[in-house]
Each structure stands twice: as C-alpha cells, then as structure tokens.
Amino acid sequence: MLVSGAGTNLQALLHACTDPAYGARVVAVGADRDGIEALARAERAGVPTFVQRVTGHRTRQEWDAALTASCRQHDPDLVVLAGFMKLAGSAFLDAFGGRCVNTHPALSPSFPGMAGPAEALAYGVKVTGATLFLVDEGVDTGPIVAQTTVPVEDDDDVATLHERIKVAERAMLVATVGRMAREGFTITDRKVRFGT
Ligand code: GRF
C-alpha cells in the first residue's frame, strides 16, 4: 500500500485484514515522505514500511525505479494507493499496471486531480463521492472498479464535504479490495468485473 498522509484508508484496510475471512493482508506500506501518520499506523500494526522521497533521487525516473524496486521486494498481488500524492511513472506501471488501484475523492470522470472535493463544491454539484480505479498513465483516468456517492449539503465547506466522502471512501475501499482479492477481476474495454 502506498500513502502520503493521514492514512485513514490504510487504517480501515489494516482493520479489515484482522479478519481471516477478509482474504487479504497488507504486506508493506510505502510512502514518498517521512513523519506521516500513515507510516506510524503501519508501524503500530507491525507492517514493514519504506520511504522513497523524490528529492532523494537525481531524476523522477530514478525515483520511479526505486519506488518500483521497493514495492517488488514485498511481492504484492495488488498495490493500493490511498492518498498517495505522486503520479506513478513508466517503470511502476510496467511492473504493476493492471494490478494497482487508487482511490480518488470525486466521481470520475468529474473533478480529476488534487482538488476533487473543492472543485465539486465550487461547481455546485448536489452529489459527489469517491472512485476506486486501476492506475494508468493519466490523472485519475483508469478503468473504474467501484464508485460510492454522498450528498453535498448546503452548509458544507471543503473539510466537511471531504470528511463525508472519506467515510464512504473507506467503506468502498475495504469492500472492493476484499472482493478483488477473494474473487479476482478482469478488465475488458475499461469494464472491470469481479471473477475470473
Ligand atoms: C483520500 O480522500 C484520498 O482519496 C485523497 O486523500 C485522502 C487520503 O486520506 N487523495 P487518508 O490519508 O487515507 O486518510
């Protein structure tokens, strides 16, 4: 799992994995920065961690290759990005394309990028949500695995809206990653289906 921040999505997955029937476990947690709560959550759960900072490498490509190598060391079946604030590069996609998901706090294809909740609020939509998708070379453009919706309330600000989204997002992430692990999945013409 790759993270950059608070790690509440990670925490939800770690909790789900304590039930053997869930069918998955977090083999490692990687980050692009030190000192974040997400890494502390992983350490408290006894999960191995690693950090690959962009600034620790001469080029973005070298960082991408190092991140890919760190992930490979733990031999994951699926890589889950949750609040990971960097775009994967070509080495990473070569290694994990088709088996790497990311969660985005908006209903794709609306409001891609870093400011999904703020842009949804500014646009005046009445419904927004979160999208779990397979990572490709674009920004929040990959095949959609699951989506969940929440209402936008009249008195919302970005923080209250994002918090409502995150509650739904965590439930979606846990339910969907569990199904991906237990049932497998296929991708045909952007259509993601569970089962093999
Ligand atoms: C999530 O809403 C994610 O979609 C967004 O940042 C948030 C990360 O939350 N990109 P957390 O670090 O899992 O608490």
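C71 is buried, at 6% relative accessible area, where buried denotes under 20% relative accessible area, exposed over 50%, and partly exposed the range in between (1.4 Å probe, protein chains only). For C17, the closest cysteine sulfur is again in C100, at 16 Å, too far for a bond. C17 also counts as buried, at 19% relative accessibility. Zero disulfides are found in a search of the whole structure, a disulfide being a pair of cysteine sulfur atoms within 2.5 Å.

The model is predicted, so local features require pLDDT of at least 70 and side-chain atom pairs pLDDT 80 or more, whereas totals for chains, interfaces and linings use all residues. Residues are numbered from 1 along each chain as its sequence is written, and side-chain values use heavy atoms, with hydrogens and water left out.

The protein contains six helices and nine strands; these are DSSP runs numbered from the N terminus, helices being H or I of at least four residues and strands E of at least two. The radius of gyration of the protein is 16 Å, which agrees with the value near 16 Å for a compact globule of 196 residues. This radius is taken over C-alpha atoms, and the globule rule is 2.2 Å times the number of residues to the power 0.38. Along the principal axes, the C-alpha atoms fill a box of roughly 45 × 40 × 35 Å. Of the 196 residues, 47% are buried. Among contacts (heavy atoms within 4.5 Å) with a separation of 6 or more, 56% are between residues 24 or more positions apart.

Domain 1 (1-96) and domain 2 (104-196) are given by the domain assignment, with bounds that come from an automatic or database assignment. The C-alpha centres of domain 1 and domain 2 are 19 Å apart. Across the two domains, 17 residues of domain 1 are in contact with 17 residues of domain 2.

A nonpolar core is defined as a set of buried Ala, Val, Leu, Ile, Met, Phe, Trp, Tyr and Cys residues joined through side-chain atoms within 4.5 Å. The largest such core has 36 residues, of which M1, V3, L10, L13, V26 and V29 touch the most other members. At least two residues of this core are supplied by each of α1 (8-16), β2 (29-31), α2 (37-44), β4 (79-82), β6, β7 (144-151) and α6 (158-183). The largest share, eight residues, comes from α6. Because domain 1 (1-96) and domain 2 (104-196) both give residues to this core, it lies between them. A second, separate core of 17 residues includes A28, F50, A88 and C100.

Beyond residues up to four places away in sequence, V26 touches M1, L10, L14, C17 and V47. The buried residues of α1 are N9, L10, A12, L13, L14 and A16. These buried residues of α1 pack against β1 (2-3), β2, α2, β4 and α6.

T131 is placed in strand β6 (residues 127-134) and counts as buried, at 0% relative accessibility. The side chain of T131 reaches two backbone atoms: the oxygen of A106 at 2.7 Å and the nitrogen of S108 at 3.0 Å. With residues up to four places away in sequence not counted, T131 touches N102, T103, H104, A106, L107, S108, I144, A146, Q147 and M172.

Most residues other than glycine have a negative phi, and most peptide bonds are trans. The peptide bond from S108 to P109 is cis, with omega near 10°, and P109 is in the loop between β5 (100-104) and α5. D75, in the loop between α3 (60-73) and β4, has a positive phi near 50° and counts as exposed, at 65% relative accessibility. R190 likewise is not a glycine and has a positive phi of about 75°. R190 is found in the loop between β8 (185-188) and β9 (191-194) and is partly exposed, with a relative accessible area of 45%.

G124 lies in the loop between α5 (116-123) and β6 and is partly exposed, at 41% relative accessible area. G124 and A65 are separated by 59 residues in sequence and by 41 Å in space, C-alpha to C-alpha.

Methods
A polar contact is a pair of N or O atoms within 3.5 Å; within protein, one must be able to donate a hydrogen and the other to accept it, and residues adjacent in sequence count only if both atoms are side-chain atoms.
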